Amino acid sequence: MNPLAAGRVVAVVGATATGKSALAIDLALALGGEVVNADASQLYAGMDVGTAKLTEDERRGVPHHLLDVLHVREPASVAAYQRDARAAFGEIAGRGAVPVLVGGSGLYVRAALDRLDFPPTDAGVRAALETELEDGGASALHARLAAGDPEAARSIAASNTRRVVRALEVITLTGRPFSASMPERGRYAVDAVQVGLRLDRGRLVARIEARVGAMRERGLTAEVTALAETGLREGTTARRALGYAQVLDHLDGSSTEDEAYAATVVATRRYAKRQVQWFRPDHRITWVDAAAADPSRHLDEALSALGRAT
């Protein structure tokens, strides 16, 4: 195991379209590591184009874990992800390799790295809340959360309906605010070091627009069409993924294809803003400027951060 990361999980975090996957590959090759996915949508088999999932060639021989482990009809569970990610860390370290965690799904990163216990779940309660969401809409459900747990409502956008439903489920089952179950930032459960990639707003927006355009050219509409035939619409988590939700609306006649991709750009910009807000307060992250023209600079800066942490 490389002495720079001996016994540690190396995490690469940040907003979408900043180049996290490429840096994770570079770090894994430099450190003798294996990559563990922390992008909730990349857990799903077949959701490739719209999640910017690396191809086998792009992975450059680096083993990847927790990709393609769910069918689109299955719900993604943060609790299950935590269990599986930590099991992967153990297996990788047991082979003398370095676990390199990469992804922008903030809660999944926190679940993998931090002390985080999960409140109970109940399928009946969740189904009732899902029905309430369908009948009354996202704004009404978020207003209910704001009335019961203002702190949680401030930290969860109304558009993030999956987390709004989960927060109300916890409140219903425990009688306690959902915010009380959130982890305290700064308390690692595993020995870890985090490197973050960041871009100024203008460059980030340009990259997002280019990425969505490339996804369209690479066949996202065809990918969503094929997944719809195997149950994407029935998936409570997968159907809400960026790009997939908007293209499903187009396939269902609610928008033109141009409108679907324009809506994807807007939704992705909003998501990136939430990612920045999520990761920015974490003082444990060493930030690297993702605007460097030479990607090798990202690796050099990340390795320097590891050296300082060690």
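This report looks at one helix, the nonpolar cores and some salt bridges of a predicted model.

Residues are numbered from 1 along each chain as its sequence is written, and side-chain values use heavy atoms, without hydrogens or water. Because the model is predicted, local features need pLDDT of at least 70 and side-chain atom pairs count only at pLDDT 80 or more, while totals for chains, interfaces and linings use all residues.

**Helix H2**

Helices (H or I, at least four residues) and strands (E, at least two) are DSSP runs, numbered from the N terminus. Helix H2 spans residues 78-94, 17 residues in total. From its first C-alpha to its last it reaches 24 Å, close to the 24 Å expected at 1.5 Å a residue. That expected span is 1.5 Å times one less than the number of residues.

Which residues of H2 are buried? They are Val 78, Tyr 81, Gln 82, Ala 85, Ala 88, Phe 89 and Ile 92. They cover an arc of only 135° around the axis, so they sit on the same side of H2. The arc is taken from the directions from the helix axis to the C-beta atoms. Buried means under 20% relative accessible area, exposed over 50%, and partly exposed in between (1.4 Å probe, protein chains only). Arg 83 and Gly 94 are exposed, on the face turned away from the buried side.

The buried residues of H2 pack against strands E1 (9-14), E2 (33-37), E3 (64-65) and E4 (98-102), and against helix H3 (106-113). Just after H2, Gly 96 has a positive phi of about 80°.

**Nonpolar cores**

A nonpolar core is a set of buried Ala, Val, Leu, Ile, Met, Phe, Trp, Tyr and Cys residues joined through side-chain atoms within 4.5 Å. The largest has 78 residues. Leu 27, Tyr 81, Leu 101 and Leu 113 touch the most other members. Apart from it lies another core of 14 residues, including Leu 129 and Ala 152.

**Salt bridges**

Side chains of opposite charge can pair when their charged atoms come close. A salt bridge is a side-chain nitrogen of Lys or Arg within 4 Å of a carboxyl oxygen of Asp or Glu. The structure holds 19 of them, including these:

| Pair | N to O distance |
|---|---|
| Arg 203 and Asp 200 | 2.5 Å |
| Arg 216 and Asp 258 | 2.7 Å |
| Asp 282 and Arg 284 | 2.8 Å |

Arg 216 lies in helix H8 (residues 201-217) and Asp 258 in helix H11 (residues 257-279), so this pair ties together parts 42 residues apart in sequence. Asp 282 is buried, at 3% relative accessible area. Arg 284 is buried too, at 15%. Salt bridges that share partners join Arg 110, Asp 114, Asp 282 and Arg 284 into one network.

Note on methods. Contact means heavy atoms within 4.5 Å.
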